[in-house]
Amino acid sequence: MLRSRKEKKRRRIEDLTEKMAVDVSAGDWDGRWNHVKKFLERSGPFTHPDFEPSTESLQFLLDTCKILVIGAGGLGCELLKNLALSGFRHIHVVDMDTIDISNLNRQFLFRPKDVGRPKAEVAADFVNNRIPGCKVVPYFKKIQDFDESFYRQFHIIVCGLDSIISRRWMNGMLLSLLSYEDGVLDTSSIIPLIDGGTEGFKGNARVILPGISACIDCTLEFYPPQINFPMCTIASMPRLPEHCVEYARMLQWPKDKPFGDGVALDGDNPEHIQWVFQRAEERAAEFNITGVTYRLTQGVVKRIIPAVASTNAVIAGSCATEVFKIASSAYIPLNNYLVFNDVDGLYTYTFEAERKENCSACSQVPQDLQFPPSAKLQDVLEYLTENASLQMKSPAITTTLEGKNKTLYLQTVASIEQRTRPNLCKTLKELGLADGQELAVADVTTPQTVLFKLNFTT
């Protein structure tokens, strides 16, 4: 009798396993999306006033809606998991980084065997294998490698980045996709941007409707300018290990060209970091400075910030919830900024960040630059990089003089930088600039050229 019971139990397990195998191969099984249907197929006290419950909403999430996740790190891993388990099947992920052993404590889609492999590819494989029916498409590239047609295909874009420069570039790309007719925004050209960020025990999530709500650059003051050490200190009087790293990064790299002419320093390339580390060690030994390590070098070059797994989970959960609300129209989305802080206790609040009329990214008019004719081009360059509402990284300044385009200063190409460097010491008047002159400024923080109007002051 005992053997008979065991045999019956074994057969039931086999039947259930066979049934599950058939259902999983099809991608769905009975009751799989019941938790989502409760939000989409019935109304409630907190639903959107215009929401109409239906079965079509779930089918849109499952079969049609395309989501782009930018970043497959601490936030990105959480986002991919949350979105896939919420019913989104068509997910694309872009990340230019490879897996480091230090990632494994919080980026849970990766294992020790994955070290050295592209994050996007490993994350996509993990989710696709673990969640039936989900199709995550990976791209081991920079976001700057894609053109407008690539970004137009998505319904919503979610950022899990650790770089303000990349955030601003993505913000500028979505603004460039907007269409206007007689000055009126075509709302069908809007691709919502959900942005999340963390730093230790602090984080934020925000919903950006390009052309309508405050964009990244509208609230640039929320992101303090990165610490920059005076060049005279770096070159002549280093006192900190960071000074030695910056000396190798800013002065020795462009001079020695260790990996060939025109090769930019890549913070994600271990060979590049190792070269900077060795040069920084030599510099530190020369001035009897201690504390230069490989990790410090990597942190200075990449501007690495601390990360806590639980903070990533909270912020990624908030971002995924906003994606769900926007894609389904079931609930009113965040308006438009959430702040989370559990450094001392637990504190969170939301507020509406206001759009700036003179935002350099989303306004439709040239920005004003107020300088006397005696000001030097160096003064303009410092304003563009140090002003809290601009915070450009390496601006290239061009203008039109006598009907011809003229490059006043360009930093990113060594030969042109050397040729245009003398212009930095010249006054605006000596450069032939006039009151009302338009200056076109290109920078890594935006895919678009930003126009400025020069206004001479007395």
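The model is predicted, so local features need pLDDT of at least 70 and side-chain atom pairs count only at pLDDT 80 or more, while totals for chains, interfaces and linings use all residues. Residues are numbered from 1 along each chain as its sequence is written, and side-chain values use heavy atoms, with hydrogens and water left out.

I start with the sheet. Its five strands run in the order β11-β15-β14-β12-β13, open and with mixed pairing. Helices (H or I, at least four residues) and strands (E, at least two) are DSSP runs numbered from the N terminus, and two strands pair if DSSP finds at least two bridges between them. At the edges are β11 (367-371) and β13 (404-409), each pairing on one side only. From one strand to the next, the twist averages 35 degrees. Angles here are taken between N-to-C directions and run from 0 to 180 degrees; axes are lines fitted to C-alpha atoms, for helices over the stretch in contact.

Strands β14 (residues 438-443) and β15 (residues 446-456) are antiparallel, paired over five bridges. Glutamate 438 is opposite lysine 453 of β15. Helix α13 (residues 377-386) packs on this sheet and touches β11, β12 (396-401), β13, β14 and β15; contact means heavy atoms within 4.5 Å. The direction of α13 makes about 135 degrees with that of β11.

Next, the helix pair. Helix α10 (residues 270-286) packs against α11 (residues 294-302) at about 110 degrees, the axes being 9 Å apart. That angle makes the two helices roughly perpendicular, a class covering 65 to 115 degrees; under 35 is roughly parallel, over 145 roughly antiparallel, and the rest oblique. Among the residues that meet are Pro270 and Phe277 from α10, and Tyr294 and Val301 from α11.

Last, lysine 119, in helix α5 (residues 119-130). Is lysine 119 buried or exposed? Its relative accessible area is 5%, so it counts as buried: the cut-off is under 20%, with exposed over 50% and partly exposed in between, using a 1.4 Å probe and protein chains only. Beyond its neighbours within four places in sequence, lysine 119 has contacts including Asp95, Asp97 and Phe110.
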